[in-house]
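Subject: Structure handover and notes

Hello,

Here is the structure you asked about. My notes follow below it.

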Amino acid sequence: MKFCPQNYRIPDVRMQPFIDADEIWNYLLHTPSSPETVEQVIQKSLAKNRLSLEEVAILIKADDEKSIQAIKDGARALKNTIYGNRIVLFAPLYVGNKCSNNCLYCGFRSSNIEQIRKTLSDEELIREIEALEDNGQKRLILVFGEHAEYSAEYIAHTVRIVYGVKKGNGEIRRVNINAAPLDIEGFRIVKQAGIGTYQIFQETYHREAYKKYHVAGRKSDYDYRLTSLDRAQEAGIDDVGIGALFGLYDWRFEVMSLVRHANHLEACYNVGPHTISFPRIKDASTLNIDDRYFVSDEDFARLIAILRLAVPYTGMILTAREPESLRNELIQYGVSQIDGGTKIELGGYVEKEFYHELNKAQFRINDDRSLNEVVDELLQQGMLPSFCTSCYRMGRTGEHFMEFSVPGFIKRYCTPNAMLTLAEYLEDYAPAETARKGWQVIEKNLDDLDEKMRNSVSEKLGRVKKGERDLHY
Ligand code: SAM
Ligand code: SF4
């Protein structure tokens, strides 16, 4: 019988709420922080050690300019030395916006009668996927409101449809999910459809604040949501994504809680979250919420850098909610995945004309670049855009942890797979100028590999140029 640190017996008692607001506030209010202790904590993280809640509090409480800069520099150094210059690209695909919850911040909430409700038919879904494949996408996250129509069986059905659509050289090789929490049986059903990550954001980890924003429907049950990814683990889904919606409550509390949640999953299931997301509240149809806890750009950069140092072995996702210039800056602090060519209106990848109408979307995005514009910009900065889906398909779960902890893992798998998937993109979808830049970046990355790997990757790149696809390590 395994035990969690809280001594919860597995499996039943493990599904207990694990956020103790008093404990978190106690750390935040009473942990002393100085430039010296901040530096010590940064060094501990750079030496590949995980940080305790107390150490995270030391970083959060640092509010002098020098310490904040040191935290950002530390996060940048960690990203560069451990993860290198890869950025994984994906796109969200909204399948249905019916919702029986009434989350006050969300355009899909049940009381918003201005929202035009829609669930894509199977045919519409197929057309959206074809449009995404025509753009060069290989990784999707399917997004759903919470509604009786969006059962586990229905979600599994849509996942199977996505994997079945192949257009030209296009195919979707990894389907992640962002949908309502399921019961254990429901998670089993979606797992069988071959999903990648199941992502559920707690929105706010503060119970009282949570109550205020979630006034109706199943989502008003804080505990059911908090323990949802435990149920996913119980159902055999060990690839889960956590997140908080920044702007609902004090960002310091949310950062501590995200770390606490990561620790909980790791302690109980031996595997931390695959990814952490940190959306900030954006304008939404008939949005009317108090801006008291809204997070400034400066604090946002700070909290991303702190999260990078706190959970150095977890993937971090930054979405098109944020504008291009800010995304370019924030990527430096350790973001590993971004979306590109994003459309969040139902049917938006085919029906381009209703772009930016709030009554057809959950919120407003602020980066509406095409996938190719995003790829081009990354290449311009010397980064290596990646469409890799290899670990998941080769059965290597926990890849972020392996990237972090297994010496040589990135050079053996991640960089070569990034180069091969980028090469496919350049051959099949990129305009000539992007292709030129892309091949230069591939050449540069080839030079940095050892001789054996360089020869092997060069041989595979040659085969990609001749038309072979889906070569990976
Ligand atoms: N309905 C499912 C649920 O609530 O778990 C799926 C999630 S929802 C479609 C995706 C996420 O968008 C939410 O979890 C929330 O964090 C975020 N979101 C909602 N309203 C937002 C807003 N106004 N601005 C930015 N993000 C928002
Ligand atoms: Fe529905 Fe999710 Fe929006 Fe809440 S956040 S109203 S559950 S779609």
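Which residues are buried in H14? Leu371, Asn372, Val374, Val375, Asp376, Leu378 and Leu379 are. Please keep in mind that this is a predicted model.

**Helix H14**

H14 runs over residues 371-380. It is mostly covered, with seven of its 10 residues buried. Several elements contribute to that cover. Among them are two strands, S1 (86-96) and S10 (337-339). Strand S11 (384-386) is also included. So are the helices H5 (122-135), H17 (409-428) and H18 (432-447). Just after H14 comes glycine 382, which takes a positive phi of about 80°.

Aspartate 376 meets lysine 437 in a salt bridge, at 2.5 Å from N to O. Lysine 437 lies in helix H18 and aspartate 376 in helix H14, so the pair ties together parts that are 61 residues apart in sequence. Both lysine 437 and aspartate 376 are buried.

**Other salt bridges**

How many salt bridges does the structure hold? There are 32. Two further pairs are worth a look alongside the one above.

- Arginine 327 and aspartate 367: their side chains meet at 3.0 Å, N to O. The pair links distant parts of the chain, 40 residues apart. Arginine 327 sits in helix H13 (residues 324-330), and aspartate 367 in the loop between S10 and H14. Arginine 327 has 1% relative accessibility, so it counts as buried. Aspartate 367 has 3%, so it counts as buried too.
- Lysine 167 and aspartate 134: their side chains meet at 2.7 Å, N to O. This pair also links distant parts of the chain, 33 residues apart. Lysine 167 is in strand S3 (residues 166-167), and aspartate 134 is in helix H5. At 34% relative accessibility, lysine 167 counts as partly exposed. Aspartate 134 counts as partly exposed as well, at 39%.

There is also a network. Salt bridges that share partners join Lys166, Glu171, Arg173, Arg393, Glu424 and Asp470.

Lysine 72 is in helix H4 (residues 65-83). Why does buried lysine 72 have no salt bridge? The nearest side chain of opposite charge, glutamate 329, is 4.5 Å away, and a salt bridge needs the nitrogen within 4 Å of a carboxyl oxygen. Lysine 72 still touches Glu329, together with Ala301, Ala305 and Tyr333, leaving aside residues up to four places away in sequence.

Is glutamate 254 buried or exposed? Its relative accessible area is 0%, so glutamate 254 is buried. The residue belongs to helix H11 (residues 251-269). Leaving aside residues up to four places away in sequence, glutamate 254 touches Glu203, Thr204, Tyr205, His206, Ala244, Phe246 and Tyr249. Threonine 204 shows how the chain folds back here: 50 residues separate it from glutamate 254 in sequence, but the C-alpha atoms are 6.7 Å apart.

**The nonpolar core**

The largest nonpolar core has 157 residues. Which of them touch the most other members? They are Ile177, Tyr198, Phe278, Leu303 and Ile304. Domain 1 (80-369) and domain 2 (398-465) both give residues to this core, so it lies between them.

Take phenylalanine 278 as one of these. With residues up to four places away in sequence left out, it touches Ala244, Phe246, Phe300, Leu303, Ile304, Leu307, Met316, Ile317, Leu318 and Val335. Ala244 and Phe246 are also touched by glutamate 254.

**The whole protein**

The protein has 19 helices and 11 strands. Its radius of gyration is 21 Å, close to the 23 Å that the globule rule gives for 473 residues, so it is as compact as a globular protein of that length. The C-alpha trace spans about 60 × 55 × 45 Å along its principal axes. Of the 473 residues, 61% count as buried. Among contacts with a separation of 6 or more, 73% are between residues 24 or more positions apart.

Best wishes

Conventions. Residues are numbered from 1 along each chain as its sequence is written. Chains are lettered from A and ligands numbered from 1 in the order in which they are written. This is a predicted model: local features need pLDDT of at least 70, side-chain atom pairs count only at pLDDT 80 or more; totals for chains, interfaces and linings use all residues. Side-chain values use heavy atoms; hydrogens and water are left out. Helices (H or I, at least four residues) and strands (E, at least two) are DSSP runs, numbered from the N terminus. Buried means under 20% relative accessible area, exposed over 50%, partly exposed in between (1.4 Å probe, protein chains only). Lys and Arg count as positive and Asp and Glu as negative; His and the chain ends are not counted. Contact means heavy atoms within 4.5 Å. A nonpolar core is a set of buried Ala, Val, Leu, Ile, Met, Phe, Trp, Tyr and Cys residues joined through side-chain atoms within 4.5 Å. Domain bounds come from an automatic or database domain assignment. The radius of gyration is taken over C-alpha atoms; the globule rule is 2.2 Å times the number of residues to the power 0.38.
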